[in-house]
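Hello,

Here is the structure I said I would pass on.

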Amino acid sequence: MTEQTALPGAPGTEADTKPDAAVVRDALGVGVAVGLSGFAFGVTSAGSGLTLAQTCALSLLVFTGASQFALVGALAAGGNPLTAAAGAFFLGVRNAFYGLRLSQLLALPCAVRPFAAQWVIDETTAVALAQPTRRAVRIGFTVTGLTLYVLWNLTTLLGALGAEAIGDTDAWGLDAAGPAVFLALLAPMLKNTTERAVAALAVLLGLGLLPVLPAGVPVLVAALAAPLVLWARGRRAGGAEDGAVRGAAEGEGER
């Protein structure tokens with residue numbers, strides 16, 4: 001398969017290629033828009049008691065915004081470090097599933113894959129999956145990942161350095177910036193009833209249990225939304241199938 005050949009499941013045909021300049025433009029738009037929110041993380045993390053080195057290390061090594069905000073938010077609320085880390089870990093697990101799909105689309109050499117894995121996040125996945133050819137996928141993934149990684153880390157540093165000047169981060173509402181960005185990225189991806197049901201149940205579980213469970217634990221419980229919705233869907237489908245079988249049997253009996 002050549003780099004310009006349309007990919008299976010991609011929005012396009014072999015003749016429907018996308019100019020490199022258009023891919024770069026889209027990737028830069030996503031990278032810049034999201035990368036600037038690293039400033040909010042830097043401020044929030046420093047305001048939560050983490051040192052400048054710890055804050056920057058999280059962005060350099062973890063580099064997944066929602067997990068970073070979840071970790072520092074739980075720590076700021078007095079949560080146990082292990083619980084906070086577990087909640088952040090479960091949020092980051094989704095990137096492993098992104099990687100399964102992106103590994104097929106990118107088809108990178110084995111020596112490059114460990115480095116590319118650092119950039120497998122929501123934004124790079126969204127840009128890559130929107131491309132019609134392997135060449136466009138690689139360009140979109142690389143430009144988005146590089147732009148976002150550089151800007152996120154730079155603005156994290158600036159935010160952490162400016163935390164003392166800003167003062168109380170809660171008063172500015174910057175602690176809500178991370179969840180807001182994550183929800184803005186997630187909303188367009190909820191394309192069917194099952195996905196919307198999982199998201200709605202996760203929100204209900206997380207917010208409903210927030211006042212009664214220790215910081216970080218509601219995030220873990222909210223992860224149960226997916227299996228619960230899938231279980232309910234399976235039962236409903238099974239009940240409908242049994243009803244159809246009984247109806248067919250009754251029809252045969254009447255004959």
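In this predicted model, Phe39, Leu52, Leu154, Leu157, Leu158 and Leu161 make a nonpolar surface patch of about 500 Å². Patches are built from residues with over 30% relative accessible area and no salt bridge, joining nonpolar side chains (Val, Leu, Ile, Met, Phe, Trp, Tyr) within 5 Å and like charges within 9 Å. Areas are Shrake-Rupley values with a 1.4 Å probe, and for residues only the protein chains shown count as cover. Helix α9 (residues 134-166) gives the largest share of the patch, four residues; helices are DSSP runs (H or I, at least four residues) numbered from the N terminus. Leu158 is in helix α9 and is partly exposed at 45% relative accessible area (buried is under 20%, exposed over 50%, partly exposed in between).

There are four salt bridges (a Lys or Arg side-chain nitrogen within 4 Å of an Asp or Glu carboxyl oxygen). Arg135 pairs with Asp20, with 2.6 Å between the closest N and O atoms. Because Arg135 lies in helix α9 and Asp20 in helix α1 (residues 20-35), this bridge ties together parts 115 residues apart in sequence.

Lys18, Arg25 and Asp26 form a salt-bridge network. In it, Asp26 meets Lys18 at 2.9 Å, N to O, and Arg25 at 3.6 Å between the closest N and O atoms. Arg25 is exposed at 55%, whereas Asp26 is partly exposed at 30%.

Residues are numbered from 1 along each chain as its sequence is written. Local features need pLDDT of at least 70 and side-chain atom pairs 80 or more, while totals for chains, interfaces and linings use all residues, and side-chain values use heavy atoms, leaving out hydrogens and water.

Regards

Note on methods: Helices (H or I, at least four residues) and strands (E, at least two) are DSSP runs, numbered from the N terminus. Buried means under 20% relative accessible area, exposed over 50%, partly exposed in between (1.4 Å probe, protein chains only).
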